[in-house]
Every structure is written in C-alpha cells, then in structure tokens.
Amino acid sequence: MRLFFITFFLTYGGMHLYAFLKARAAFKFGKITGICIIFFMIPMVLAPVIIRVLEKNEFELLARLLSFIGYTWMGIILLFFSASILTDLYRLILKLAGFIFRKDFAHLNISSKISFWIPLALSLCIAFYGYFEAKNVQIEHITIKTPKLPKETGRLRIVQISDVHLGLIIREEHLKNILEQVKKADPDIFVSTGDLIDGQINQLDGLTELFHEIKPRYGKFAITGNHEFIAGIDQSIDFMKRAGFTVLRAEGLSIPDLINIAGVDDPRGKSIGDYKNISEKELLSKLPRERFTLLLKHRPLIDSDAVGLFDLQLSGHVHKGQLFPFSLITKFYYPKHAGMLKSNNSLLYVNRGAGTWGPPIRFLSPPEVTVIELIHDGKI
C-alpha cells in the first residue's frame with residue numbers, strides 16, 4: 001500500500017513538473033507567474049489526500065467540490081501528458097533524422113508554444129467529450145448457448161454491473177441512470193462484480209433503496225472488489241446487503257434445477273485483512289457439474305486450475321483503461337481487458353464498468369451494463 005502511494009505521487013507529481021516545464025518553455029514566464037502555477041499544482045497533486053481528510057472530518061460538501069475539481073484536473077493532466085509526449089517525440093524524430101541524413105528539417109518542426117497548445121487543446125476537448133461519455137451508459141448483449149441450462153427454462157437473463165464506484169462523484173443521478181438500464185433488461189439474475197462503492201462510503205444513505213426497485217426472479221448477488229476493502233469491508237458488506245444483494249465471499253450455491261453461482265473475494269483483502277481464502281478449484285468442485293456454473297470474480301484473470309470447472313466468469317476492475325491511451329496499458333497487462341475471451345471450455349467476460357474511478361471522464365471506453373442471455377441448446 002505504501003509503495004503504491006509513493007509510486008503514485010512520484011508519477012503524478014512528475015507529470016505536473018513536466019507540464020510546468022512545458023509551459024515555461026512555451027511562454028517564458030517570470031518568477032511570480034511560476035510561483036502562482038506551483039501554488040495551484042501542489043494542492044492538485046495532493047488532492048486525493050486532502051479529499052480523504054475532508055471526508056473523514058465530515059466536510060462532505062467541500063470534499064465533493066474538491067473531488068470534482070481535483071479529479072477532473074487529474075484527467076486533463078493525464079491527457080495533456082500523453083499528447084505532449086507525442087509532440088516531443090515528433091520533435092525528437094526530426095532532430096534524429098537531421099543528424100542521420102545530414103539535412104535541416106527545421107521547417108517541419110513546431111515551436112514550443114505550438115507543442116504546448118496542441119496537447120492542451122486536445123486534452124480539454126477530450127475531457128469535455130469524455131465527461132458526457134461517462135454518463136452515456138451502454139447495454140452490451142451477450143448470447144450463450146449451453147446444454148447445461150434446463151430445457152424447460154429455455155432462456156435465462158443475467159444482468160451484470162461492475163465498478164460503479166458510488167462515492168463523492170458518482171451519486172444518485174448516475175446510479176438511477178444505471179439502474180434504469182438494468183430495469184429495462186428485466187433480469188432473472190442481477191449481479192455486481194465488485195467496486196460497487198468507492199474508497200469511502202460516508203454519506204451514501206438513501207442509495208441502497210434505489211436497488212430495491214430491481215426485483216429479479218432468482219435474486220441479486222455481489223462480490224467484493226478492491227475498493228470494498230479500501231472502504232472498510234464490514235461497512236461495505238453492510239451496504240451491499242442493505243441493497244438486497246447476497247454477498248458471495250469464497251462461496252458457491254446452486255439455484256435448484258437452474259444454475260450454480262460462485263463468488264470470490266478480491267485479493268486486495270490479503271493485505272488489508274478479513275480475506276476469505278479458498279482456491280477456485282476447491283470452491284467450484286463442490287458444485288453440481290451438470291449445471292451451468294457462473295463465477296463472479298472482480299479481476300479478469302483466469303485461474304488455470306479452475307478452467308473447465310466454470311462455464312462463465314464475469315469480471316470488471318479494468319474499466320478498459322477508462323481513458324485512452326491508458327487502455328493500451330491495461331490491454332498489455334490483462335489477457336482480456338474488455339469483452340469476451342474463451343479459454344478451453346470456459347468463458348470470461350470483462351465488463352467495462354458502469355462508473356468512473358478518479359476523473360469523472362471516460363474516453364473510448366463508455367460505461368456498460370451487460371445483459372447475458374443463456375439459451376438452452378441440446379447440442380453437446
């Protein structure tokens with residue numbers, strides 16, 4: 001945990017230093033202007049800590065205001081940094097080309113001002129668009145044919161949400177939007193695959209009642225994500241239960257004559273405590289093999305020992321990077337960071353998430369509610 005915070009603040013602070021140097025190279029401002037910029041940037045770098053302190057001391061309104069400003073700024077600075085790296089790379093390539101080919105490519109170069117304004121304009125435009133993209137919840141439809149679904153059932157509709165991150169920014173309005181899509185889907189089973197809440201869940205009274213409007217035929221099931229442990233596992237579990245979810249923590253159950261559902265804790269609990277530890281192989285082996293088995297697991301990683309013991313794993317966590325080009329990083333780290341992946345006789349589906357973490361912005365990664373249709377198919 002300490003290593004994460006050190007790495008985060010060194011990286012995030014480094015991005016601010018880079019942006020400051022880019023601005024100074026572009027405008028050659030004096031000491032007074034430089035000091036003013038630094039006095040703005042320091043609180044922005046420390047905003048996650050300041051927000052936490054304000055919320056802990058119940059200054060909720062101020063915490064919500066700073067979280068919106070601070071995390072929106074975070075999105076802008078991340079986008080600016082990414083775009084600026086490209087402009088700097090372009091200038092470096094021209095210099096290298098001039099050195100290698102002994103030619104002057106100065107006429108193709110861009111000035112320091114242009115190399116500042118282009119990334120800034122691009123990041124602001126993307127942030128503006130991404131703010132609205134983050135509110136545009138999309139429905140993804142998945143159809144799976146299986147002989148394991150009873151013939152008399154015919155069709156079973158499972159609706160998945162993930163990574164809502166209810167907290168200071170994601171509140172009633174966005175949750176209503178998400179749940180409206182869930183209600184339209186008319187689920188037989190409703191599942192949440194972790195990070196339903198954000199790092200803190202103070203002052204979320206009233207939000208659990210909105211989930212009571214969802215009344216699937218066979219129940220609502222949830223698992224922990226990393227943020228449930230960060231927020232405090234006891235109050236997180238209490239929140240999910242008050243919302244009407246059966247919380248599966250290294251547990252599995254069978255809905256008679258229908259399907260199996262199993263869920264595991266997020267490994268973040270190992271370092272924080274109260275982690276329910278069981279191997280997926282052991283957990284899944286206890287369930288009737290002749291029934292379709294649904295595994296709820298926050299992180300989209302497949303346990304090779306469990307392959308073949310579940311039919312479909314539903315995951316989230318990654319947000320598909322949330323902001324392009326960071327989706328390139330998540331795509332590199334995870335075998336599948338969004339959508340469907342087949343591994344032998346088991347399937348993995350990764351939900352893009354319905355909310356946002358940090359910046360209230362998404363770019364090329366719209367929020368998602370997933371509708372999975374299981375259809376009986378007699379073919380084996």
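Under the criterion that a disulfide is a pair of cysteine sulfur atoms within 2.5 Å, the count comes to 0 disulfides. C36 is exposed, at 52% relative accessibility, and C125 is exposed, also at 52% relative accessibility; here buried denotes under 20% relative accessible area, exposed over 50%, and partly exposed the range in between (1.4 Å probe, protein chains only). The structure is a predicted model, in which local features need pLDDT of at least 70 and side-chain atom pairs count only at pLDDT 80 or more, whereas totals for chains, interfaces and linings use all residues. Residues are numbered from 1 along each chain as its sequence is written, and side-chain values use heavy atoms, with hydrogens and water left out.

The sheet is considered next. An open sheet of mixed pairing is formed by 6 strands in the order β1-β12-β2-β3-β4-β5. Its edges are taken by β1 (138-146) and β5 (246-247), each with a single partner strand, so one side of each is left without a neighbour in the sheet. Strands are DSSP runs (E, at least two residues), as are helices (H or I, at least four residues), both numbered from the N terminus, and two strands pair if DSSP finds at least two bridges between them.

Strand β12 (residues 368-376) is mostly covered, with 8 of its 9 residues buried. β12 runs parallel to β1, to which it is joined by 9 bridges, and I142 stands opposite I372 in β12. Between β2 and β12 the direction is antiparallel, with 6 bridges; L156 has L374 in β12 as its bridge partner. Strand β2 (residues 155-161) is also joined by 4 bridges to strand β3 (residues 189-192), in parallel, and I161 lies opposite S192 in β3.

In helix α9 (residues 233-242), the buried residues are I233, S236, I237, F239 and M240. These residues cover an arc of only 160° around the axis, which puts them on the same side of α9; the arc is that of the directions from the helix axis to the C-beta atoms. D234 and K241 are exposed on the other side of α9. Helix α4 (residues 60-101) contains L86, which is exposed with a relative accessible area of 58%. L86 contributes, together with L89, L92, I93, L96, F99, I100 and F101, to a nonpolar surface patch of about 860 Å².

The whole structure holds 17 salt bridges, each defined as a side-chain nitrogen of Lys or Arg within 4 Å of a carboxyl oxygen of Asp or Glu. One of them pairs D257 with R291, the closest N and O atoms being 3.8 Å apart. D257 lies in the loop between β6 (251-254) and β7 (259-263) and R291 in the loop between α11 (280-285) and β8 (292-296), so the pair ties together parts that are 34 residues apart in sequence. D257 is exposed, at 55%, whereas R291 is partly exposed, at 23% relative accessibility.

A further salt bridge joins R299 and D266 (2.8 Å, N to O). R299 is in the loop between β8 and β9 (312-315) and D266 in the loop between β7 and α10 (269-272), 33 residues apart. R299 is partly exposed, at 22% relative accessibility, while D266 is buried, at 1%. R352 and E368 also meet in a salt bridge (3.5 Å, N to O). In this pair R352 is buried, with a relative accessible area of 10%, and E368 is buried at 0% relative accessibility.

Note on methods. Patches are made of residues with over 30% relative accessible area and no salt bridge: like charges are joined within 9 Å, nonpolar side chains (Val, Leu, Ile, Met, Phe, Trp, Tyr) within 5 Å. Accessible areas come from the Shrake-Rupley method with a 1.4 Å probe; for residues, only the protein chains shown count as cover.
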